[in-house]
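Subject: Handing over the structure

Hello,

Here is the structure I promised to pass on to you. Have a look through it first, and then read my notes below.

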Amino acid sequence: MEEQLLSSKGNKFPVGTSCSTSVVLSTCVVMCGSLAYGFAVGYTSPVQSGIMSDLGLSIAEYSTFGAILTLGGTIGALVSGTIADMVGRKVTMWIMDLCFILGWLSIIFAKSVWWLDIGRFLMGIGAGLLLYVAPIYIAEIAPKSIRGGCTAAFTFMVYFGFSLMFLIGNILPWRTLAIVGIIPSLVQLIGIFFIPESPRWLAKIGLDKEIEASLQYLRGKNVDISLETAEIKDNVESLTKLSGLRYLDMFDRRYAHSLIVGLGIMILLQSGGTDAISSFASSIFIKAGCSASFATTTMGFIQLPFAAMGIFLLDAAGRRPVLMVASAGTCLGNFLVGVGFLCKDYDQMSQLSATFVLVGILVFAIFFSMGVGGAATTIVSEIFPMNIKGSAGSLAIVCNWFTSWIVTYAFNFLFEWSPSGVFFMFTFFSGLMILFVAKIVPETKGRTLEEIQASLTLLN
């Protein structure tokens, strides 16, 4: 247990009070991957006019370029759990970095839309691996007292990368911006060699000595890890005996609660319009009559302090309250944007359109960065037992990516048809997230992964 008492023999300190530099270092290395993903998501908005002009792309071709990241993400998510279970969390992140690097190189040297699409697809595969393995790795190495904050820090770096792309994308040409996009993956590729493997994955494959070495490195040399090591080993052993590690075990009735929570959060997260708004923010602002460069720069700046706030809120207030309040905020933001575009249809109110849309998008960005993304990612990384974590975690990320692909690809067509209608649709799904969390999602704050997973399993 992480609250274990001082060891009388070794004068060692309790795990629950330890936040070693090794945990911080490991989290920072993983955060390079989230920065790379943030760059990939934010790239398409500021470069839209430049790429379409230089390569002569139609709106349908550019929509495909924007949306194909999510298609690649779906493919990456499908195999993410299997790869992470077979070769470990570190090697999976290494493969992910190669996908990002090759993808950016394809865009940098692109002479036609095919090279753009290939590069974006490769980055999508890397992102699909990232969104499974990075939160899982952080959840498996961090003490419970700071686990929410560490996972939220991963999400914060996504917003930081996204915002940075918006800011410098208004200055740099699109090929130069793609060169900047490679940097985080190169840094992580090197950093992976200096962090330990997940002790829970090591327990799953039966490497007892390596478990202790990894935990000791993570918790610090003066910390007694014996009880935590025993708890991890006992949990993995009991789950292995329980169901024999078959892929379809996740559909067993005793895991129904975990599966419904994981899949439901991921589907509703994307149905609220986050990736569509991120990918096509510039065209949304232009349609409303706003200055795209001013609006996207403001959006980039305003997200960061609220995303940083989310790092502390998850462990201070809990996952459920943060997710519910933040979802209410995104619901309000989408509603204001819908009202703004509705005003354009009435001459006497058309001058209010740009104000409503700008305020609505900023409200959406603030609340999403403050809690929706971080809380959702944290909960999904915590709820699945080790014996179904690979299969169920992969399925949850597949649902995330597939929903994102549908929403992102359809957005431009729906937006042309009815700008207000598409945002009222996003409003509905954001509101549905509030009800879903209130009725079904458990609180995971202040509990070990083994306690969370055992309680959800016992419910069925």
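A residue is called buried when its relative accessible area is under 20%, exposed when that area is over 50%, and partly exposed in between, using a 1.4 Å probe and protein chains only. With a relative accessible area of 21%, M52 is therefore partly exposed.

Before going further, please note that this is a predicted model, in which local features need pLDDT of at least 70, side-chain atom pairs count only at pLDDT 80 or more, and totals for chains, interfaces and linings use all residues. Residues are numbered from 1 along each chain as its sequence is written, and side-chain values use heavy atoms, with hydrogens and water left out.

Back to M52, which sits in helix α2 (residues 48–55); helices here are DSSP runs of H or I with at least four residues, numbered from the N terminus. Setting aside neighbours within four places in sequence, M52 is in contact (heavy atoms within 4.5 Å) with L57, S58, I59 and Y62.

You will find T330 in helix α15 (residues 319–343). Its side chain reaches the backbone oxygen of S327 at 2.8 Å, a polar contact being a pair of N or O atoms within 3.5 Å, where within protein one must be able to donate a hydrogen and the other to accept it, and residues adjacent in sequence count only if both atoms are side-chain atoms. Not counting residues up to four places away in sequence, T330 also touches F364, F367, F368, V372 and S430.

Next, the interior. A nonpolar core is a set of buried Ala, Val, Leu, Ile, Met, Phe, Trp, Tyr and Cys residues joined through side-chain atoms within 4.5 Å. The largest one has 122 residues, and those with the most contacts inside it are Y43, W104, I265, M299 and F423. Helix α5 (residues 113–141) gives this core its largest share, 14 residues. A second, separate core of ten residues includes A203, I211, V223 and I232.

Helix α11 (residues 256–271) has 16 residues. Of these, 13 are buried, so α11 is largely enclosed by the rest of the structure. After α11 comes G273, with a positive phi near 95°.

Finally, where do α17 and α18 meet? V407, F411, L414, F415 and W417 in α17 meet P419, V422, F423, M425 and F426 in α18.

Enjoy exploring!

Best wishes

How values were computed
Helices (H or I, at least four residues) and strands (E, at least two) are DSSP runs, numbered from the N terminus. The expected span of a helix is 1.5 Å times one less than its number of residues.
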